[in-house]
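Dear colleague,

Please find the structure below.

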Amino acid sequence: MKLIGIILGLALAAQSAARAPLFQWPVDCTLGDSCYIEDYVDHDPAARGIRDFSCGINTRDAHKGTDIALLSFDEIAAGVTVRAAAFGRVERIRDSMADDRLMRGVTSENACGNAVLMTHGDGWQTLYCHMKLGSILVKPGDVIQPGTAMGQIGLSGQTNHPHLHFQVIKDGKIVDPFDAAATDSCTDPVDTLWDNPAEYYRTGLVTAGFANKIPSIKEVQSGAVRLQSSAANAPLVVYSLSGDAQTGDLLTIWANGPQGEVFRKEIPMENPQRAVMRAVGRKAPAGGWPKGAYLGEAQLTRDGAIIAHRFAHVTVE
C-alpha cells in the first residue's frame, strides 16, 4: 500500500508540472435540462460591481466560483452526485452541517458548508461547497481520479437553494476556469480550463421574490417589496427581474403552496429591454390562503433549454 501511495504521488506531481489541470464537469446533471450555471466568478474588483468573464451579469459581488444549480429542492433527497473534476488528492473535508435553507449557525468560517478540498499539485486546488450532510464518500489523503464520486449536492452552509459551488485556486488566488488568464475581453476566452466548456448565455435572472402587489422595477431593484411573511387575506405575487433577455425567450413564473400549485403563467419575451420586470399573482381566496410555506419560481428558457432559474420563499401566517 505504501508503494502504491508513492506511485500515485509521483503521478500527481508529474501531471501538475506538465500543465494546469483540465477539468471535467463535476456534477451528474445536464445543463439546460436538469441544471444550469447560476453564477460565475466576479471579475469586477469594485465593491458592489459585478462582471462575469464575458462582461455579463451572471455573477454576484465578490463571487469566487462557478455555481451549478439544481431546479428542484426534491433533487436533494433524490441525490445528485458531485464528482472530482480532475486527478488529485483530497486535502480536507467537512460533513457535519445540516441542509438548512434558513442557514442557522452559518458563519464566515463555515459558509462553504459540507465540502471537499482537493489539491492537484503545483499550487492548484479545487473546492466543492454546499454538499449534503452525510453524503461525502472520500477522506483526507485519498488520491482519486477524475469522475470519482465524492458526495452529493445539498443545502449546507451559506445557501438557500440547492447548488454546487465549484472553486478553482492557484497559489492561494482565485482562478476562473472559464477564463484562467482573466483577459476580461468580453469575447469567448481561449484560456479555458474545461475539457468541454459549457455554452455561455449572457441572459440571466437577477432576482425573484414574493410581494403583495405588482411592484415597480425600482421597488424590485431596491428590495423594498420583498416579503418573508404574508397575511392569509393578502394577494400573493411572484415577480422576477431578468437581464439581457432575447426575443423568443420564454419566462415562466409559478408558485406552489401547502395544497399544491397556486398559479402559473408563461410569458414570451417580445422585444425585451436590457432589464425586464414581470410579475404574476392572485388575490386571496375566500377564507384566505392556507397557512404555511410557499415556493415561487421563475425560469427562463431559450429554444427549450433552461438558461436561468430563481426561487422565492414566503410564509403565510
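Strands β14 (residues 250-257) and β17 (residues 292-302) pair in the antiparallel sense over seven bridges, with Q299 of β17 as the bridge partner of T252. Strands here are DSSP E runs of at least two residues, numbered from the N terminus, and two of them pair if DSSP finds at least two bridges between them. The model is predicted: local features need pLDDT of at least 70, side-chain atom pairs count only at pLDDT 80 or more, and totals for chains, interfaces and linings use all residues. Residues are numbered from 1 along each chain as its sequence is written, and side-chain values use heavy atoms, without hydrogens and water.

β14 and β17 belong to an open, mixed sheet of five strands in the order β12-β18-β17-β14-β15. Its edge strands are β12 (229-230) and β15 (260-268), each pairing on one side only.

In strand β9 (residues 163-170), seven of the eight residues are buried, that is, under 20% relative accessible area with a 1.4 Å probe, protein chains only. β9 runs antiparallel to β2 (residues 66-70), joined by four bridges, and to β6 (residues 124-131), joined by six. β9 also pairs with β10 (residues 173-175) in the antiparallel sense over three bridges; in that hairpin, which has two residues between the strands, D171 takes a positive phi near 50°.

Finally, 16 residues line the second largest pocket, with I57, T59, L205, V206 and R310 nearest its centre. A pocket is an open set of 1 Å grid points where a 1.4 Å probe fits, with protein on both sides within 12 Å along at least five of seven lines; lining residues have an atom within 4 Å of a point.

Kind regards

Note on methods: Buried < 20%, exposed > 50% of the residue type's maximum accessible area, 1.4 Å probe, protein only.
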